[in-house]
Amino acid sequence: MVVISRVFRSSIGRKTTMALTGAALVLFLFAHLSGNLLLFAGQDAMNAYGVTLRQFPILLWVARIGLIVVFVTHVVIGTLLTIENRRARPERYHNQKSIQSTPASRSMMITGLLLLAYLVYHLLHFTLGETHSQYFNLTDAQGRHDIYSMVVLSFQQWPISVAYIIAMGLLAFHLSHGIPSLFQSIGWNGPRFMPLLSKLGLAIAVLLLLGYISIPVAVLSGIIGLP
Ligand code: HEM
């Protein structure tokens, strides 16, 4: 407990925590995307994946709780750092910045909060079935939770698809600054590294963006449809 409170009280500790939790969330995004892309393989592959995830409920809950702890830590520390930076006089940091101030860097807090709102909606939609519940309680011919039809029927409604596409755009914008800044926080901030890391951040953000939006786009254009 004492160690945790010391880490959170030091500025370097907070930045390192942001970097590590950010990296864990990016890894989650890749894992989640690879599962979601099974939609392109059809109903059986997608629903079988859902069953596999639930075969080890203890592991699933450990992963979920880990994800919640990482996410909440990222949001709380990110908010504290933003408040701290706003309170600090600008000239204090003037010469220390190795990542240039960009629209993405200046809007990290607002894109982060919008992503939080998106995530609440997303969990109510696909995990809890509270919004659009008409698509949630479906089962396939083998009696499995029909994740495939739930996603397809949802994204066939263009307002839902548009909301997801906008959220994915915000996510990419957030990551385009978050990823290079993550490396900076762990000390990779030399003048030779930064331009390269900024490009890497942008490339990862664009890759995730294209991967995630390919799903609503494929449903809207009829490439993925009901079985
Ligand atoms: C096209 C985009 C996306 C699709 C089709 C999608 C699909 C899904 C589905 C079907 C579930 C429920 C899984 C299940 O109950 O077995 C789910 C859960 C979840 N999604 Fe997404 N997702 C998308 C984007 C995202 C993004 C961008 C994030 C993060 C910012 C995200 C975070 C989560 C989380 C945290 C869960 C809960 C995991 C759990 O229940 O264990 N998703 N998603």
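The ground rules come before the content. Because this is a prediction, local features need pLDDT of at least 70 and side-chain atom pairs count only at pLDDT 80 or more, while totals for chains, interfaces and linings use all residues. Residues are numbered from 1 along each chain as its sequence is written, and side-chain values use heavy atoms, with hydrogens and water left out.

Overall build, then. The protein chain has 10 helices and zero strands. Helices here are DSSP runs of H or I with at least four residues, strands are runs of E with at least two, and numbering starts from the N terminus. Taken along the principal axes, the C-alpha atoms fill a box of roughly 65 × 40 × 30 Å.

Now the ligand. Its shell holds 21 residues, and the closest are His 32, Asn 36, Arg 54, Arg 64 and His 122. A residue is counted as near if one of its heavy atoms lies within 4 Å of the molecule. By class, the shell divides into 15 nonpolar, four polar and two charged residues. For the classes, Ala, Val, Leu, Ile, Met, Phe, Trp, Tyr, Cys and Pro are nonpolar, Asp, Glu, Lys and Arg are charged, and the others, Gly among them, are polar.

For Arg 54, an N or O atom of the side chain lies 2.8 Å from a ligand oxygen atom. Asn 36 has a polar side-chain atom 3.3 Å from a nitrogen atom of the ligand. The elements giving two or more residues to the shell are helix 2 (11-36), helix 4 (57-87), helix 7 (108-127), helix 8 (147-155), helix 9 (158-185) and helix 10 (193-220). Helix 7 supplies the largest share, six residues.

Next, how some of these helices pack. Axes are lines fitted to C-alpha atoms over the stretch in contact, and angles run from 0 to 180 degrees between N-to-C directions. Contact means heavy atoms within 4.5 Å.

Helix 2 and helix 4 have axes 9 Å apart, at an angle of about 135°. The pair is therefore oblique; under 35 degrees would be roughly parallel, over 145 roughly antiparallel, 65 to 115 roughly perpendicular, and the rest is oblique. Their crossing is left-handed, meaning that the near helix is turned anticlockwise from the far one by less than a right angle, with clockwise giving right-handed. Residues in this contact include Thr 21 and Phe 28 of helix 2, and His 74 and Glu 84 of helix 4. By class, the contact has 10 nonpolar, six polar and three charged residues.

Helix 4 also meets helix 7, with axes that come within 10 Å and cross at roughly 155°. These two are therefore roughly antiparallel, and the crossing is left-handed. Arg 64, Phe 71, Gly 78, Thr 79 and Thr 82 of helix 4 face Met 109, Leu 116, Leu 119 and Thr 127 of helix 7. That contact splits into four nonpolar, four polar and one charged.

Last pair: helix 9 and helix 10 pack at about 165°, axes 8 Å apart. That angle makes them roughly antiparallel. Their crossing is right-handed. The contact has 21 nonpolar, six polar and no charged residues.

Terms used:
Polar contact = N/O pair within 3.5 Å; in protein donor to acceptor, adjacent residues only side chain to side chain.
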